[in-house]
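I opened the notebook today to go through one structure, entry by entry.

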Amino acid sequence: MSIAENLINIKKSLPEHVTLVAVSKTKTINEIMEAYNAGHRDFGENKIQEMTQKWEQLPKDINWHMIGHVQRNKVKYMAPFVSLIHGVDSLKLLKEINKQAQKNNRVIDCLLQIHIAQEDTKFGMNEDELFSLIESDEFASLNNIRVKGLMGMATFTDNTRQIMQEFTLLQTLFKKLQQYNPSQKLAPSILSMGMSSDYKIALQCGSNMVRIGSSIFGARNYDK
Ligand SMILES: *Cc1c(COP(=O)(O)O)cnc(C)c1O
């Protein structure tokens with residue numbers, strides 16, 4: 001099946017309120033344009049440089065999602081255009097995003113990444129770190145960022161029950177955050193969880209943003 005057909009089939013299977021981020025890392029401009037021409041506008045990349053190069057070459061009405069681990073010294077490259085940064089895992093990083101957003105005269109939307117997997121390789125904060133971040137005075141002073149919700153990645157496993165447990169943990173934290181809501185800066189409405197292999201489980205656990213790559217574009221030869 002073609003990229004456009006895959007995309008349309010997946011979109012049809014998603015509830016109306018769920019946003020599909022088409023993960024285009026390692027994919028070419030032509031491949032992305034195929035999805036774009038099928039009407040898609042939300043694309044996700046995990047490398048800032050690759051995303052910036054693609055942004056330069058592609059139509060400007062694309063919403064670019066940074067879904068990978070963010071290095072502070074590279075925030076400046078995406079600050080002019082990034083639509084949502086999913087992988088924010090420290091106050092230090094948030095401060096740098098705020099600084100670069102200010103330089104560009106804009107407010108940048110972010111998600112805080114929570115570590116839910118039983119794998120050390122995945123990034124993210126735990127519950128204590130999350131709440132100490134959002135309760136800090138420094139956080140309250142960052143006027144050029146907005147925390148829109150949470151993001152997480154489950155363990156890479158066939159064990160459906162384990163994946164479900166991990167996503168449920170994130171959902172519980174998300175609800176807690178929604179009730180907490182101490183400031184204007186915190187407007188938690190997005191729960192980003194689920195990829196090609198586990199998005200159906202994620203939807204059952206309340207995800208409203210899924211990040212899907214290989215089921216749309218085909219397998220990646222290698223992850224750059
Ligand atoms: C690559 C990636 C995805 C998409 O993975 P697929 O298995 O190709 O759907 C989703 N989220 C993150 C953070 C990724 O790095």
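**Entry 1: backbone in two loops**

I looked up Thr26 and found it in the loop between β1 (19-23) and α2 (29-37). I kept in mind that this is a predicted model. Thr26 is not a glycine, yet its phi is positive, at about 70 degrees.

I then went to Asn105. Asn105 has its place in the loop between α5 (91-103) and β5 (108-114). Its phi is near 60 degrees, again a positive value in a residue other than glycine.

**Entry 2: the second largest pocket**

I turned to the pockets. The second largest pocket holds about 160 Å³ of space. I noted 17 residues in its lining. Thr155, Phe156, Ile163, Ser197 and Asp198 are the ones that lie nearest its centre.

Which helix gives the most to the lining of the second largest pocket? I found helix α8 (residues 160-180), with three residues. I also sorted the lining of this pocket by class: seven residues are nonpolar, six polar and four charged.

**Entry 3: the largest pocket**

Next I took the largest pocket, with about 460 Å³ of space. I wrote down 22 lining residues. Nearest the centre of the largest pocket lie Lys25, Asn46, Ile67, Met153 and Met195. By class, I have nine polar, eight nonpolar and five charged residues in the lining of the largest pocket.

Where does the ligand sit? I found the ligand in the largest pocket.

**Entry 4: around the ligand**

I listed the residues that surround the ligand. They are Val23, Lys25, Ile67, Met151, Met153, Met195, Ser196, Arg211, Ile212, Gly213, Ser214 and Arg220. By class, I get six nonpolar, three polar and three charged residues in this shell.

Lys25 is on this list, and Lys25 is also among the residues nearest the centre of the largest pocket. I noted Ile67, Met153 and Met195 in the shell and near the pocket centre as well.

**Entry 5: polar atoms at the ligand**

I checked side chains against the ligand atoms. For Lys25, a polar side-chain atom lies 2.7 Å from an oxygen atom of the ligand. For Ser196, I read 2.5 Å between a polar side-chain atom and an oxygen atom of the ligand. What lies 2.9 Å from a nitrogen atom of the ligand? I found an N or O atom in the side chain of Arg211.

Last, I looked up the ligand's area. Taken alone, the ligand exposes 390 Å². The protein buries 91% of that.

Conventions: Residues are numbered from 1 along each chain as its sequence is written. This is a predicted model: local features need pLDDT of at least 70, side-chain atom pairs count only at pLDDT 80 or more; totals for chains, interfaces and linings use all residues. Side-chain values use heavy atoms; hydrogens and water are left out. A residue is near a molecule or strand if one of its heavy atoms lies within 4 Å of it. A polar contact is a pair of N or O atoms within 3.5 Å; within protein, one must be able to donate a hydrogen and the other to accept it, and residues adjacent in sequence count only if both atoms are side-chain atoms. Accessible areas come from the Shrake-Rupley method with a 1.4 Å probe; for residues, only the protein chains shown count as cover. On a 1 Å grid over the protein atoms alone, a cavity is a set of points where a 1.4 Å probe fits but cannot get out, and a pocket is an open set with protein on both sides within 12 Å along at least five of seven lines; lining residues have an atom within 4 Å of a point. A molecule sits in a cavity or pocket if more than half of its atoms lie within 2 Å of its grid points. Ala, Val, Leu, Ile, Met, Phe, Trp, Tyr, Cys and Pro count as nonpolar, Asp, Glu, Lys and Arg as charged, and the others, Gly among them, as polar. Grid points are joined across faces, edges and corners, and a volume is the space filled by probe spheres set on the points. Helices (H or I, at least four residues) and strands (E, at least two) are DSSP runs, numbered from the N terminus.
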